[in-house]
Amino acid sequence: MSDDSGAEVMAKQGSITFLGNIGNKILGFVFLAIVTRLVSPSTFGVYSLGLSIILFVKGFSNLNLHRSVDYFVPQYLSGSEYGKAKSTVLFVIVIGLLSTTVAAVLVVAGRRVLAEIFSEPLLIDILPLLCLVLPISAVFSSVNVLFNSIKQLKYTVYTQKLALPISKLVITVCFIYSGFSLFGLVGGYVFSFVVATVIGSVLALRNVDWVLGTDRRSVARKDILSYSLPLAFVGVIYATVGQIDYFVIGYFTVAESVGRYRVAFALSGNLLIFISSLTPIFKPMIVEKKHDIAVLRSRYQLATRWIVIATLPAAITLAVAPKAYILTLFTREYTTASTVVIVLSVGYLINALAGPEGMFIEGLGHSKLTLLNTIFLITTNSILDILLVPRIGIVGAGIGTAGAYTVTVLLGVGEIYYLKGIHPFSKNLFKALIAGVPAVTIGTVFSYHISNSQIIAIVLPVIILTSYLLSLVLLKGFTNEDRNVTNKIDAKLGYPLFA
């Protein structure tokens, strides 16, 4: 079944988010490249450890209520129940502010214990400042999910992908050049959230007319809490997943290793840019058609194939020459993380093969299943980290994360098939994978014969992308849906770029 309207919405909103993600990643790497040169690895390691603690607390302290916004609000808007949509958003913000404030107080009270656990006395000084982010982020998250709900992801791009990293870069560099080091990093992080939250709130008030122009109507708060409660536990677990590597590395090794792993994680994390571009719009698109099996199958397989086509060339590039990119973007001290980049790149590529399976399950309303999957994820990740990090260091953390994500997404694919008889695999998806074989071969030969890291970093992506696309064309791996979308893009550009 063709789903041209769904494909067009997915392509339009996904491309907006993708461009925003590109800008965000560039700014993020500029930030890392600058600060890793301006401060010592030990200082950056302490900052990374403190930030990991705050991100861990942030992951569950807001109870993950904001993830109910893009489930309930699209349903209310489809029935023109704007008052209920407004009440849902306000309820989520108020509860989030209360819970994150309590969490911030608890972290400040226990900061000395945390400093002793990680043997880092400086945590006592920086944690109270970093805790200011917690209540601010509750508002920030709710506003951005609101933009997802109304399928206006450009506002999310303005706040989350541009305003936040730009302000962090500018403010942090100003603080460091003013004589601050560790506290410059901390201050830049806190003030950037203030700036981005203010911008996001203004955009919401000005562009979402029912936020101010509609009276609130009562909503079933029990339903919101019932849907969100499993996701609150998911938040706890995902917060642990996101930071477990840093915690285990910090416990078994030294702060410098935390900083090196953070660089590898950031570099390989670029591969998630493609799947994260589609997931914000994908969940509402599943919610609105959750009873139409044919449309669900079409959208899931299309999203997965697009994600793989976009991810595979980048994954090959990083796996073939990780050291070249670390030397180009950072300093030689971080090249020991090259193997971690390869391991994580393979794991994220397998993740791409499952498509946005997590948002599919949430869009169907199975938040409890999401909780069970996340428990499985953190359990697997933790066991692998504890077993491997003491033996092989940060490479063990990379294997733990890649392995845990691999088995969990495969579990999710199996659950979707059990629930709806749908899977993400198709003939055209396999063509997209086979087209990667020539790209791997050509890229490996090129990087082996070139010794200059900068040349490799610049030329290798072009070689791999070109060979991949040519192989995909020869295999007839592009579909009518691809052509319909690209024809519309060409029409808007006024030039047959894709044609």
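Guide: K476 is exposed, with a relative accessible area of 65%. Keep in mind that this is a predicted model.

Visitor: What makes K476 count as exposed?

Guide: Exposed means over 50% relative accessible area. K476 has 65%, so the label applies. K476 sits in the loop between α22 (453-474) and α23 (480-493).

Visitor: Why is S119 called exposed?

Guide: S119 has a relative accessible area of 57%, and the cut-off is over 50%, so S119 is exposed. S119 belongs to the loop between α5 (111-117) and α6 (123-130), and its phi is near 55°, a positive value.

Visitor: How do you know that E81 and K84 form a salt bridge?

Guide: The closest N and O atoms of E81 and K84 are 3.4 Å apart. The limit is within 4 Å, so the pair qualifies. A search of the whole structure finds 1 salt bridge.

Visitor: Why is E81 called partly exposed?

Guide: Its relative accessible area is 24%. Buried is under 20% and exposed is over 50%, so E81 falls in between.

Visitor: Which residues have the most contacts inside the largest nonpolar core?

Guide: They are Y47, L123, Y261 and Y468, in a core of 85 residues. Helix α2 (residues 41-61) gives the largest share, 8 residues. A second, separate core has 27 residues, including F91 and V208.

Terms used: Residues are numbered from 1 along each chain as its sequence is written. This is a predicted model: local features need pLDDT of at least 70, side-chain atom pairs count only at pLDDT 80 or more; totals for chains, interfaces and linings use all residues. Side-chain values use heavy atoms; hydrogens and water are left out. A salt bridge is a side-chain nitrogen of Lys or Arg within 4 Å of a carboxyl oxygen of Asp or Glu. Buried means under 20% relative accessible area, exposed over 50%, partly exposed in between (1.4 Å probe, protein chains only). Helices (H or I, at least four residues) and strands (E, at least two) are DSSP runs, numbered from the N terminus. A nonpolar core is a set of buried Ala, Val, Leu, Ile, Met, Phe, Trp, Tyr and Cys residues joined through side-chain atoms within 4.5 Å.
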